[in-house]
Amino acid sequence: TFSSGDYDELHIELESGDDIAPGNHVIDIEYAGIIHDDSMLGVYASNFVYDGKKKQIIVTQFESHYAREALPCIDEPEAKATFTLTLKTPKGEPVLSNMPISKQNTVGEQFVTTFEQTPRMSTYLLAFAFGELQSVEATTEDGVTVRTWATVAQPKSWLNYSVNEGVRVLEFFTDYFGTPFPLTKCDQLALPDFDAGAMENWGLVTYREIALLSDPDNRSMYTEQYVSLVIAHELSHQWFGNLVTMQWWDDLWLNESFASMMEHLALDALHPDWQQWELYTSTDVVSTSNRDVYADVQAVRVDVDNPEHIETLFDPAIVYAKGGRLLKMLREHIGDTAFQAGLKQYFKAHAFSNTTRDDLWSALSDASGHTIKELMDPWLTQSGMPVIDVENTPDGLKLTQSRFVLDNSKNTAVWPVPLLTDTPTSTDMLSSKNIVLESKDANSIHLNRNGSGHYLVNYTSRAHKQAIAEKLQNNDMSASGRITLFNDALLLAKRGDQSITDVLELAISNTDEDRAAVWSLMSMAFGVARSLVEGEDESDVSLRKIYGSLLQDQFEQFGWVNQDDDTPNDVQMRVMAASAQTAAERESAVKHALSIYNEYAHNVEALPADMRVVILSAAVQHATPHEQVVESLFRQYEQTTSADVQLDICSALTRTHTPDDIRLITPHFAPKGMIRPQDMFRWVALLTGNHHVRAAFWDYMEQNWGQIHKVFKSSKAYDYLPVYLGRSLNTQEWEDRYEALFNPYKDNPVLK
């Protein structure tokens with residue numbers, strides 16, 4: 001007899017008397033499952049429209065413990081097995097799984113397809129899909145077939161960039177890891193409905209359409225960079241996660257932290273003109289350091305004893321970004337040669353099996369001669385990060401570490417901190433509460449020179465601060481170092497160690513800055529300042545105009561139109577400068593943006609891709625008649641097959657200054673409207689962050705919370721909802737409304 005447990009466990013009770021003899025036996029189980037249409041977990045339908053008709057792709061998402069919804073199995077990472085899969089599907093539709101097709105027959109109106117047996121792998125990596133799909137194909141130098149698939153509703157040419165990038169990334173990792181890709185093919189599938197950003201199923205990687213498709217005729221540098229980044233992340237998982245898998249979910253970081261570091265390492269090698277480590281510092285470093293500042297934030301490694309808790313581990317700022325930063329810190333500390341050799345040893349020793357962190361530390365220790373466990377375990381198991389106070393004393397430079405938090409905490413944790421200085425010192429590690437550092441350049445030494453260390457630096461001496469500021473202004477530090485300097489200053493200002501005006505003055509003194517990634521942090525400084533004067537329109541306008549004036553020279557240099565000889569940085573600077581001018585409501589800039597919009601108003605997909613958000617945002621805020629602009633954008637949102645265009649329209653509409661627009665936007669929300677459930681988080685977060693419409697939007701949420709919550713609670717990112725909604729609230733009134741919304745869910749283990 002069979003029965004089901006709380007988490008879809010299958011309980012089997014044998015009633016055979018004394019008929020079963022000792023030995024091995026086979027149990028045949030006949031079972032039925034559900035193809036979901038209201039969830040994107042297990043086996044579900046991903047919907048799209050083609051030739052005016054609704055179509056479906058049937059696809060799987062089994063991470064973390066949803067393979068049990070499709071077949072009885074021991075649904076845990078350590079329970080690896082081989083799988084031989086046979087599917088019955090509609091005739092004529094491509095059918096995909098982890099492995100190549102072994103045989104396929106037609107029986108009536110169905111295909112009966114059997115796939116080759118998989119290698120030993122975990123259940124969460126099993127995958128299949130079928131529907132009206134098309135593909136493009138390329139081959140690696142080792143003969144691995146790489147295909148990109150999408151629905152027939154997408155232009156086939158939009159698949160070319162990702163298939164070529166997939167080949168390059170696979171070849172890079174095969175060489176870097178010194179370990180061949182273990183399969184003969186790798187399919188990449190773009191899905192219209194997909195809750196996660198992407199999923200590394202072995203040999204059949206699934207993606208949101210926005211993470212895999214790229215328009216070759218209206219190229220966007222931002223899109224291509226994002227597509228490359230996601231591909232590099234997922235394909236690194238073919239080794240980290242698939243070939244060698246964490247033993248249990250408490251070591252999820254062995255998958256995600258490594259992929260989050262390796263994605264940047266690969267793109268730095270494949271696209272040197274992107275200056276990938278600058279982009280990494282301005283995104284991942286900023287993300288994790290601004291998340292890891294609260295007393296109750298999770299550690300990178302977390303004990304898990306409840307299936308509901310597994311989903312809460314996938315915190316992008318901690319398990320992904322923080323863990324990746326820690327590994328970058330380790331790589332910089334021991335050197336790339338030792339790091340690479342250790343990984344090769346790790347893959348060789350543990351292929352097709354499961355590991356814990358100690359297995360990785362052993363391989364890296366053997367390769368480097370360092371005791372890696374002593375260095376890394378405190379960083380993985382302790383939550384939070386330290387701040388190092390740097391004090392100039394007669395005896396030398398006194399360094400003191402303590403946990404940096406924005407809320408109350410008496411945590412006395414101590415970390416082994418690689419100092420990563422720009423000049424030689426008497427030691428390269430701070431392993432105790434404090435030390436006195438000897439260096440001939442003690443009064444101007446720059447700690448954490450490239451931002452690889454997961455800590456803040458607080459220079460307490462005015463003279464030392466000035467020396468660091470001069471290095472900034474003289475370009476005497478890397479762009480990553482400059483980004484980290486601004487990020488540290490902003491966090492110290494949030495805690496009250498210095499004033500936000502100090503940070504603004506530092507930005508104003510750095511107007512000769514030529515790297516867009518650094519400007520993004522200078523822009524963030526003005527954004528923080530604007531949040532402090534929220535509701536004071538005159539101060540807000542003044543700050544926007546000051547920031548616009550800082551970028552006026554760059555705006556005049558770069559203008560509106562991309563040039564054939566542009567570098568990636570030129571494109572980024574052009575977008576940033578134009579955005580600053582329109583945000584400052586500079587009359588000539590707004591007028592020009594509206595003239596471009598009017599030219600493309602009925603076909604915004606044809607707008608220059610990298611400038612589309614700037615132009616649409618200006619139209620939403622300034623074009624008339626306003627309501628017609630909003631309605632036109634929603635019509636085009638529904639009609640386009642481009643996820644990029646939908647994202648740009650979302651970004652523009654959520655920047656509206658008109659509270660009454662909430663009544664025009666919210667009818668389009670899932671589950672009844674055109675905005676897909678997977679995209680709801682972005683709309684909600686951006687509208688909550690917009691102080692012009694926040695009150696009206698919050699009124700809507702309070703009145704419709706049951707419907708909204710129903711959409712969110714089936715998402716893998718459900719536990720991040722309180723963060724999205726709370727990050728921009730800064731008054732007692734908003735705290736009260738926030739608590740009233742979430743108090744009914746405070747005992748939900750996923751939201752704790």
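Helix H1, residues 160–177, is largely enclosed by the rest of the structure, because 13 of its 18 residues are buried, meaning under 20% relative accessible area with a 1.4 Å probe, protein chains only. Helices here are DSSP runs of H or I, at least four residues, and strands are E runs of at least two, numbered from the N terminus. From first C-alpha to last, H1 reaches 26 Å, close to the 26 Å expected at 1.5 Å a residue, where the expected span is 1.5 Å times one less than the number of residues. Just after H1, Gly178 takes a positive phi of about 60°.

This is a predicted model, so local features need pLDDT of at least 70 and side-chain atom pairs count only at pLDDT 80 or more, while totals for chains, interfaces and linings use all residues. Residues are numbered from 1 along each chain as its sequence is written, and side-chain values use heavy atoms, with hydrogens and water left out.

Leaving aside residues up to four places away in sequence, Trp253 touches Phe258, Arg301, Arg357 and Trp361, among others; contact means heavy atoms within 4.5 Å.

Definitions and conventions:
Buried < 20%, exposed > 50% of the residue type's maximum accessible area, 1.4 Å probe, protein only.
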